[in-house]
Amino acid sequence: TTYKATYDTCITGETLITLFDGSKKMVKDLLPTDLLLVFNHETGKYEGAQIIFNDSEPEGIYRIINLKFSDGTIVKVIYEHGFFDLTLNKYVYINKNNMNEYIGHMFYQADYDGVNYTSRGVELVDAYITEEFTTVYSPITAYHFNYFTEGMISLPAGIEGLFNIFEFGENLTYDQELMQKVAKARGEEAQGVPYIIIGNQSWNG
């Protein structure tokens, strides 16, 4: 059996990604014109953003990390993937070496009810390894980087240092007071300070 997991792999091709209109699409079927649902940590609002790129690896047998949550959601990860840990109030990368440490932690999930996006916390209740024949994808969105994987707010692998830049306050927003202090020290406006901007397209929801 051949395992092809590499440093920057992420999620299986059949994983559902939430679009800005509330519909869901398998990550392998995403198009450059698709608007993905993202979360703006400056404003605390849901927005839509295009994909900068959607890296992929060919079909093969991969070792899969299955993350099972209390509502029955299962996210299939290859190597590692980032999720917002409500227990620690920050993004964390989950991989085969630390997956059991996060069992019992609460994670951020959101769904669209046809009118509004509603959020909740769901508990990670199990984590286990399987071997599956699949493809691997790792999308990244313009400006915000995050997107919703099987309803869970998440981040791709390989972008350490581009998130958790400030502490999070209420409603997953960056600490505004700290943002203002950093902006003042840099002689800049607070808007946009937390991000290293990749791409320039973002739409308010």
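Lys28 is partly exposed, with a relative accessible area of 35% (buried means under 20%, exposed over 50%, partly exposed in between, with a 1.4 Å probe and protein chains only). The model is predicted; local features need pLDDT of at least 70 and side-chain atom pairs pLDDT 80 or more, while totals for chains, interfaces and linings use all residues. Numbering runs from 1 along each chain as its sequence is written, and side-chain values use heavy atoms, without hydrogens and water.

Lys28 forms a salt bridge with Glu14, with 3.9 Å between the closest N and O atoms (a side-chain nitrogen of Lys or Arg within 4 Å of a carboxyl oxygen of Asp or Glu). Glu14 lies in the loop between strands S1 (11–12) and S2 (16–18) and Lys28 in the loop between S3 (24–26) and S4 (36–40), so the pair ties together parts 14 residues apart in sequence. Glu14 is partly exposed at 39%.

## Other salt bridges

The whole structure holds five salt bridges. Lys24 pairs with Asp111, the closest N and O atoms being 3.7 Å apart. Because Lys24 lies in strand S3 and Asp111 in strand S10 (residues 106–112), this pair ties together parts 87 residues apart in sequence.

Asp34 pairs with Lys25 at 2.9 Å between the closest N and O atoms. Asp34 counts as buried at 11% relative accessibility, whereas Lys25 is partly exposed at 24%. Shared partners join Lys24, Asp111 and Arg120 into one salt-bridge network.

## The chain as a whole

Of its 205 residues, 48% count as buried.

How values were computed:
Helix = DSSP H or I, 4+ residues; strand = E, 2+ residues; numbered from the N terminus.
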